[in-house]
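Hi everyone, thanks for coming. Please take a moment to look at the structure on the screen, and then I'll walk you through it.

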Amino acid sequence: DDRIVAALQFPLRALVVLSGAVVAARMTPLYTKDAAFFALALKVLLLLGGILLADGVLQGLLKDMETRREEIRNSHAIFSVILRVVVWGIGSMMVLDALGIPITPLLASLGVGSLAVALALQPAQTNLFSGFYLLLDKPIRAGDFIQLESGEEGYVESVGWRTTRIKLLPNNLVVMPNSKL
């Protein structure tokens with residue numbers, strides 16, 4: 001509840017100011033045109049306030065989870081960016097819809113564009129998802145002694161999102177893509 005209260009501070013202040021503007025617009029003689037504009041502005045700003053609230057709450061929950069889970073602590077930055085992109089992406093679609101801008105063509109374009117990007121980045125994605133597996137399932141960890149297919153042996157120095165660093169016995173550092181590991 002502390003995270004929700006902290007995330008509500010700015011959106012609630014903006015809501016009070018905007019509500020006053022809508023009431024003032026309804027009390028003026030230029031009611032029809034100004035009120036429609038203020039109603040649309042209020043709707044958009046309420047959506048933006050909801051986006052800020054959702055972003056603040058989710059970022060706060062992520063911070064709370066990072067104190068309890070080592071996987072999240074090591075990968076806080078990427079989880080934070082993913083959460084922020086998802087919240088702001090969905091929120092921006094809602095704002096565009098509220099403004100009367102059709103989002104169906106935009107979603108179709110994003111789908112086709114995502115497919116093209118996914119095909120182009122297939123090797124990088126393979127390493128990324130292998131990194132997810134290695135970080136979450138932890139079949140190997142930093143400090144483990146392993147033997148590579150080539151017969152070389154060494155200690156795992158770090159496991160990252162795309163690569164794993166292994167310090168071999170002759171003190172050489174090998175950077176191996178996670179998909180090969």
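Let me start with a question: is D55 buried or exposed? D55 is buried, with a relative accessible area of 8%. Here buried means under 20% relative accessible area, exposed means over 50%, and partly exposed is in between, with a 1.4 Å probe and protein chains only.

A quick word on ground rules. This is a predicted model, where local features need pLDDT of at least 70, side-chain atom pairs count only at pLDDT 80 or more, and totals for chains, interfaces and linings use all residues. Residues are numbered from 1 along each chain as its sequence is written, and side-chain values use heavy atoms, leaving out hydrogens and water.

Back to D55. Its side chain meets that of R84 in a salt bridge, at 3.1 Å from N to O. R84 sits in helix α4 (residues 76-98) and D55 in helix α2, so this pair ties together parts that are 29 residues apart in sequence. By salt bridge I mean a side-chain nitrogen of Lys or Arg within 4 Å of a carboxyl oxygen of Asp or Glu. Helices (H or I, at least four residues) and strands (E, at least two) are DSSP runs, numbered from the N terminus. R84 counts as partly exposed, at 39% relative accessibility.

How many salt bridges are there by this rule? The count comes to 2. The other pair is K167 and E157, at 3.7 Å from N to O. K167 lies in strand β3 (residues 163-168) and E157 in strand β2 (residues 153-159), so the pair ties together parts 10 residues apart in sequence. K167 is partly exposed, with a relative accessible area of 32%, and E157 is partly exposed too, with 38%.

Four strands form an open sheet in the order β1-β2-β3-β4, with antiparallel pairing. Two strands pair if DSSP finds at least two bridges between them. β1 (145-147) and β4 stand at the edges with a single partner strand each, so one side of each is left without a neighbour in the sheet.

Now follow β3. Between β2 and β3 there are 5 bridges, and a hairpin joins these strands through 3 residues.

Which residues make up the covered face of β3? They are T164, I166 and L168, while T163, R165 and K167 form the uncovered face. I166 and L168 also belong to the largest nonpolar core, which has 12 residues in all. A nonpolar core is a set of buried Ala, Val, Leu, Ile, Met, Phe, Trp, Tyr and Cys residues joined through side-chain atoms within 4.5 Å. The largest share of this core, 3 residues, comes from α6.

Last stop, the surface. F10, L45, L48, L52 and W88 make a nonpolar patch of about 420 Å². Patches are made of residues with over 30% relative accessible area and no salt bridge, joining like charges within 9 Å and nonpolar side chains (Val, Leu, Ile, Met, Phe, Trp, Tyr) within 5 Å. The areas come from the Shrake-Rupley method with a 1.4 Å probe; for residues, only the protein chains shown count as cover. Helix α2 (residues 31-68) gives this patch its largest share, 3 residues.
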